[in-house]
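Trainee: I would like to go through this model and ask what stands behind each label. Please set each value against its cut-off.

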Amino acid sequence: MTILSYIMRAINLINRLVGNVFIWLSVGIVLVCFWVVIERYILGTTRLWMQDLYPWMNGVMFTAVAGYALYRNDHVRVDIFYRPASTKTKAWMDAVGVLAFLLPFAWVVWSYSFTFVQRSWGLGEGSANPGGMPGLYILKTFILVFAVTVAIQGIAMLIRSILLIAGREDLVPGDYRYKYDME
C-alpha cells in the first residue's frame with residue numbers, strides 16, 4: 001500500500017470519527033428545542049440561554065459533519081454528467097473539482113474567518129441576547145473546523161482520483177469507491 005493510500009484512509013477515519021460524534025448533536029437539538037417549547041407554551045417561562053443553545057448546536061453539528069458528508073458523497077451534485085460517467089471520468093471530474101473549487105473555497109473560508117474567530121476568542125464573545133449563552137467564540141471556531149474537515153476530505157478525494165486514474169483501484173478502500181447507481 002502506498003503512502004497516498006494511508007493518507008487517504010487516515011483522512012477518511014478522521015472525518016468518520018468527527019461525523020459519528022457530532023451527528024449525535026441532532027438528538028440534543030430536538031430535545032432542547034422540545035423543552036424550550038414546553039417551557040414557553042405550557043409552563044409560561046423561558047430561559048434565553050436555552051433558546052440560544054439549540055441553534056448553536058445546529059451550527060456546530062452542520063459545520064463539523066461537512067467533511068463526513070463529503071466522505072459519504074451526501075453533498076449536492078449535478079448528476080446529469082457525473083452519474084453515467086465511467087470511474088476514470090468521475091475521478092478526473094473530482095480531481096478538477098477539488099483543485100479548482102473545493103480547496104480554494106476552503107482556503108477562502110479559512111482565511112476570511114480566522115481573524116473573525118480570533119477576535120471573538122479575544123473578546124470572550126457571548127450571545128447578543130441578554131441572559132443568553134456564553135461562549136459564542138466556540139461556535140465561531142467551528143467555521144474553521146468546517147474549512148479544515150472539508151479541505152482534508154478534498155485531499156482524500158484527490159488521492160482517490162489519482163489512484164483511480166493510475167489504475168490502482170485496489171488501493172482505494174471498498175467503502176470509498178464510486179458506487180454504481182442503477183436508478
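Trainee: How do you know what share of the contacts in the chain with a separation of 6 or more comes from residues 24 or more positions apart?
Mentor: This is a predicted model, and in it residues 24 or more positions apart account for 72% of those contacts. A pair counts as a contact when heavy atoms lie within 4.5 Å.

Trainee: What are the elements of the chain, from the N terminus on?
Mentor: The order is α-α-α-α-α-α-α. That is seven helices and zero strands.

Trainee: How does the radius of gyration of the chain stand against that of a compact globule of 183 residues?
Mentor: The chain has 20 Å, whereas a compact globule of that length would have a value near 16 Å. The C-alpha trace spans about 65 × 40 × 30 Å along its principal axes.

Trainee: Why is Glu 39 called buried?
Mentor: Glu 39 has a relative accessible area of 5%, and buried means under 20%, so the label applies. The residue is found in helix α2, residues 25–41. Leaving aside neighbours within four places in sequence, Glu 39 is in contact with Gly 44, Thr 45, Thr 46, Arg 47 and Met 50.

Trainee: Why is Trp 24 called exposed?
Mentor: The cut-off for exposed is over 50%, and Trp 24 has a relative accessible area of 61%, so Trp 24 is exposed. Its place is in the loop between α1 (3–22) and α2. Trp 24 and Glu 39 are 15 residues apart in sequence, and their C-alpha atoms are 23 Å apart in space.

Trainee: Which residues of α3 are buried, and what do they pack against?
Mentor: The buried residues include Met 50, Asp 52, Trp 56 and Ala 64. The buried residues of α3 pack against α1, α2, α4 and α7. Met 50 is also one of the contacts of Glu 39.

Trainee: What makes Asn 73 partly exposed?
Mentor: Asn 73 has a relative accessible area of 43%, which lies between the 20% and 50% limits, so Asn 73 is partly exposed. Asn 73 sits in the loop between α4 (66–71) and α5 (79–82). Its phi is near 65°, a positive value in a residue other than glycine.

Trainee: Is Lys 90 buried or exposed, and how do you know?
Mentor: Lys 90 has a relative accessible area of 4%; the limit for buried is under 20%, so Lys 90 is buried. Lys 90 lies in helix α6, residues 87–123. Beyond neighbours within four places in sequence, the contacts of Lys 90 are Tyr 82, Arg 83, Ala 85, Tyr 178 and Lys 179. Lys 90 and Ala 64 are 26 residues apart in sequence and 26 Å apart in space, C-alpha to C-alpha.

Trainee: Why is Tyr 112 called exposed?
Mentor: Tyr 112 has a relative accessible area of 64%, and exposed means over 50%, so the label holds. Tyr 112 is in helix α6.

Methods: Residues are numbered from 1 along each chain as its sequence is written. This is a predicted model: local features need pLDDT of at least 70, side-chain atom pairs count only at pLDDT 80 or more; totals for chains, interfaces and linings use all residues. Side-chain values use heavy atoms; hydrogens and water are left out. Helices (H or I, at least four residues) and strands (E, at least two) are DSSP runs, numbered from the N terminus. The radius of gyration is taken over C-alpha atoms; the globule rule is 2.2 Å times the number of residues to the power 0.38. Buried means under 20% relative accessible area, exposed over 50%, partly exposed in between (1.4 Å probe, protein chains only).
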